[in-house]
Amino acid sequence: MKHVIPSVAALAALITAASAADLPRRALPPAPIPLPVFTWTGIYFGINAGYISSTRDRVNTAGSYRGSNGAQTGSYTSTFTQHRNGFTGGGQVGYNHQFTPGSGFVVGAEADMGYTDLRRTSRFDFVGANTYRQSGDFLGTVRGRVGYAVDRTLFYGTGGFAYAGDTYRAAVSQTAAGPAYFGSRARLDTGYAVGGGVEYALPTESVLNVFHASAVTVKGEALYYDLGSRTIPVLPVRGGASIFATRFQNEGVLGRVGVNYKFGSY
């Protein structure tokens, strides 16, 4: 009997283990899939449009006119303002690097170029008819950007090199029948631009995100540019020995909005 009891116990244990093996096993829960975190890192390109206005508008002309014998017969000076403003539009390309995904510091660089409707002609009579024209055809910049991102919103400051294509013209008449004086120069002006702005990355479900990806951003920014001043000689067209000089200033501000497409959304 003492041998039967252990045998029965062993058999019962064996049956219990076999039954447990046939029971369904509880599967481990799947590991959570991490949600992608938006980052501003990547190359982007886009378009912009806005309003541009000059801020320093003085035009100064000075000189003396002389008779046929070379003797000075009088002097001429004039100072007036020639305000310019109008539409601006163009495109940009750049690169951002965000140090920490989500929220964090962002550095980058951007180059842009756009058309500018900065044309103004002023006419008045003073010792004859006088005409002055200053025309800005385009403005471009190459700037660095430093900012801080709060998820999909980026606040940034910017500054760097600026250049523009400008044409300057001045015409001065001694008298209605006397010698006429004319000067013109088209050149590439250079200087600097500084400013700041805010940019926002559209969610994938936004109706404005035509690509249905976290790669479309909209921005608004303001820039101040200073391209210095230019002095052009105003020489006699026919006869006369007088020489005048006209000084133009080229500074202004612009405000614009833009849309960018950014590669490498996450």
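These legends walk through several close-up views of a predicted model.

**View 1. The whole chain, to get your bearings.**
Start with the parts list: the protein has 1 helix and 10 strands. Reading from the N terminus, the order is α-β-β-β-β-β-β-β-β-β-β. Of the 266 residues in the protein, 39% are buried.

**View 2. Strand S6 and its two partners.**
Here we zoom in on S6, which covers residues 129-150. On one side, S6 pairs with strand S5 (residues 103-125) in the antiparallel sense, over 21 bridges. If you'd like a spot to look for, find Leu118, whose bridge partner in S6 is Gly136. S6 also runs antiparallel to S7, and 20 bridges join these two. In that pairing, Gly144 stands opposite Gly159 of S7. As a handy rule, the side chains of a regular strand alternate between the two faces of the sheet.

**View 3. The turn between S6 and S7.**
S6 and S7 make a hairpin with 2 residues between them. What is the nearest side chain of opposite charge to Arg152? That would be Asp151, 4.8 Å away. Arg152 has no salt bridge because that distance is beyond the 4 Å cut-off.

**View 4. A nonpolar patch on the surface.**
Eight names to spot here: Phe99, Phe105, Val107, Val146, Tyr148, Val150, Phe155 and Val198 form a nonpolar patch with about 750 Å² of accessible area together. S5 and S6 each supply at least two of the patch residues, and S6 gives the most, with 3. Val198 comes from strand S8 (residues 180-201). With 34% relative accessibility, Val198 counts as partly exposed.

Side chains of opposite charge can pair when their charged atoms come close. The count for this model comes to 14 salt bridges. One of them joins Arg56 and Glu251, at 3.5 Å from N to O. Arg56 lies in strand S1 (residues 42-56) and Glu251 in strand S10, so this pair ties together parts that are 195 residues apart in sequence. Are these two buried or exposed? Arg56 is partly exposed at 47% relative accessibility, while Glu251 is buried at 6%.

Next, look at Arg145 and Glu110, which form a salt bridge with their closest N and O atoms 3.8 Å apart. Arg145 is in S6 and Glu110 in S5, 35 residues apart. Both of these residues are buried.

Then there is Arg230 with Asp189, a salt bridge of 2.9 Å from N to O. This pair links S9 to S8, across 41 residues of chain. Arg230 and Asp189 are buried too. Salt bridges that share partners also join Glu110, Asp112, Arg143, Arg145, Glu199, Lys219, Glu221 and Arg256 into one network.

Asn260 lies in strand S10 (residues 243-262) and is buried, at 2% relative accessibility. The side chains of Asn260 and Gln92 are joined by a polar contact of 2.7 Å. Ala215, in the loop between S8 and strand S9 (216-236), is buried as well, with a relative accessible area of 1%. Ala215 and Ala201 are 14 residues apart along the chain, and 6.9 Å separates their C-alpha atoms.

Technical notes
Residues numbered from 1 in each chain as written. Predicted model: local features only at pLDDT ≥ 70, side-chain atom pairs only at ≥ 80, totals over all residues. Heavy atoms only, no water. Helix = DSSP H or I, 4+ residues; strand = E, 2+ residues; numbered from the N terminus. Buried < 20%, exposed > 50% of the residue type's maximum accessible area, 1.4 Å probe, protein only. Lys, Arg positive; Asp, Glu negative; His and termini not counted. Pairing = 2+ DSSP bridges. Patch = residues over 30% accessible without salt bridge, like charges linked within 9 Å, V, L, I, M, F, W, Y side chains within 5 Å. Areas by Shrake-Rupley, 256 points an atom, 1.4 Å probe, with all protein chains shown as cover. Polar contact = N/O pair within 3.5 Å; in protein donor to acceptor, adjacent residues only side chain to side chain.
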